[in-house]
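Q: Please take a close look at a single part of this protein, the part where strands pair. Go through it step by step, in plain terms.

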Amino acid sequence: MGNGKISPEDERGRRRRRAEAPREEEYAGEEADGYNEEGYEEPPTRRQAPVRRRATQRIQQTPPPRPQQPQRSQRPQQQPYAPTEQRPARVTRSARSLRPLKKRRVWPALFGGCALGLLLAIAGVGIAIVLGVRFAQTGSIPIIGKSGLNGASTQTFTSDATQTITLASLAQLQVCNKTGNVSVVFDPNATTPSIKTTKTVHSANRASADTEFGRITIAIQQSNAGAQSLACSSAPASGTPTAQAPAGTTGGALLVNTVIPNSDGFIRSAGDAVDIKITLTAKLLASAGIPPQFTIQAALGNITVDGITGILHLVGTTGSVSVTHATLISGSSIGTQQGNVTLSGLLAAPSDPTTQASFVVRSEQGKLDVTLPTATNVVLSANTNVGTIHSDFPISATTSGGSTTYRGPLNAAATAQSAAVLTLDVSTGDIIIHKGQT
């Protein structure tokens, strides 16, 4: 061993130990074959960072030398992909969303847009025509709200007129009013029956208000020979309704009809209205010798009747109806579409309880408030689709599914039940029945 050679026994033992024990990887692979036991010196101990060791494996033969790895700081920065290479395609969510969509049909959208444009064009032409006609008639643009389209502020102007009723007797009264209130009052202290009309307009000045007053027509016709029914939509072309005596009619007839321009058009005259108050006397009503008939229609406005005895036909659209101190004769009907109805008075049922008679009070949307004497003897037919029935008379109403109904005698204590029927009908609202004076 002094000559630096290794004996065969030591070489075999060395190889045996290397085969039995796991061999650690060494980065200096080139020194494996030139191992010199005598020339080996223990390197100085240095603290180094722990090195992750790879899984050991048994080596049956000497591994080939491993090339020396450069230090991490000296390693060139490796590009993820060479410039000539293309990154493999990766299907992402956004890429999936870019898949070709199914083509939509454009003809329905095209036709819909053309139709909408045509409708808008027609509406614009219609507005232009209305404004042009109104300007040609009045010299101003129609007023909307409290200021005109030209920005001018408006004021409220009224014009009153009173006309005496010259009829000797009154058997029929017909009133048609498109916009405004209608009042028919019996005044026992009055000596002269009359009709008072009040026109109301909104204009920028008095001159334009006078022009607007002239466009509102109030047609009053009095005939001692009677009058035929008048349609409430409009007056004849002459502006004055005609009067004819229906067969079998006695007594005089009074007819009042108002016509307000643009009350039915696309643009309504702002605030233009006519209020009508008719005052009747005892002499005028008693001279006819028959129960008079009162037909009153008001589209936009309230109807008030006080102290009248007769057959009432009161028709409201948007507004309340009030009948007080009145005596209703069989065939009377009182109603409105939107508004409350108040009735306080008597029902002139026939003296013979077996005779049929009918009284109707109704409202589509509103409240019915009825006050009748305690001794009223009629059959009550009350119904409300959405609401309740409250009665001072002892009745038993039935409620089912939100609606309340009752049909039976109003006064169960009556000696003989009457055949006269009082119908109280409301679609949405309550029915209230009060006991009045005996």
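A: Two strands are said to pair if DSSP finds at least two bridges between them. The model examined here is predicted. Strand E14 covers residues 332-338 and pairs with strand E12, residues 309-318, in the parallel sense over five bridges.

Strand E13, residues 321-329, contains His325. The backbone of His325 has a positive phi of about 50 degrees, although His325 is not a glycine. His325 counts as exposed because its relative accessibility is 65%, and the cut-off for exposed is over 50%.

H4 spans residues 206-215, and its buried residues are Ala209, Glu212, Phe213 and Arg215. They cover an arc of only 155 degrees around the axis, so they lie on the same side of H4. Ala207 and Gly214 are exposed residues on the face turned away from that buried side. Ala207 also takes part at the N-terminal end of H4, which Asn205 caps: a side-chain oxygen of Asn205 lies 3.3 Å from the backbone nitrogen of Ala207.

Key
Residues are numbered from 1 along each chain as its sequence is written. This is a predicted model: local features need pLDDT of at least 70, side-chain atom pairs count only at pLDDT 80 or more; totals for chains, interfaces and linings use all residues. Side-chain values use heavy atoms; hydrogens and water are left out. Helices (H or I, at least four residues) and strands (E, at least two) are DSSP runs, numbered from the N terminus. Buried means under 20% relative accessible area, exposed over 50%, partly exposed in between (1.4 Å probe, protein chains only). The arc is that of the directions from the helix axis to the C-beta atoms. A polar contact is a pair of N or O atoms within 3.5 Å; within protein, one must be able to donate a hydrogen and the other to accept it, and residues adjacent in sequence count only if both atoms are side-chain atoms.
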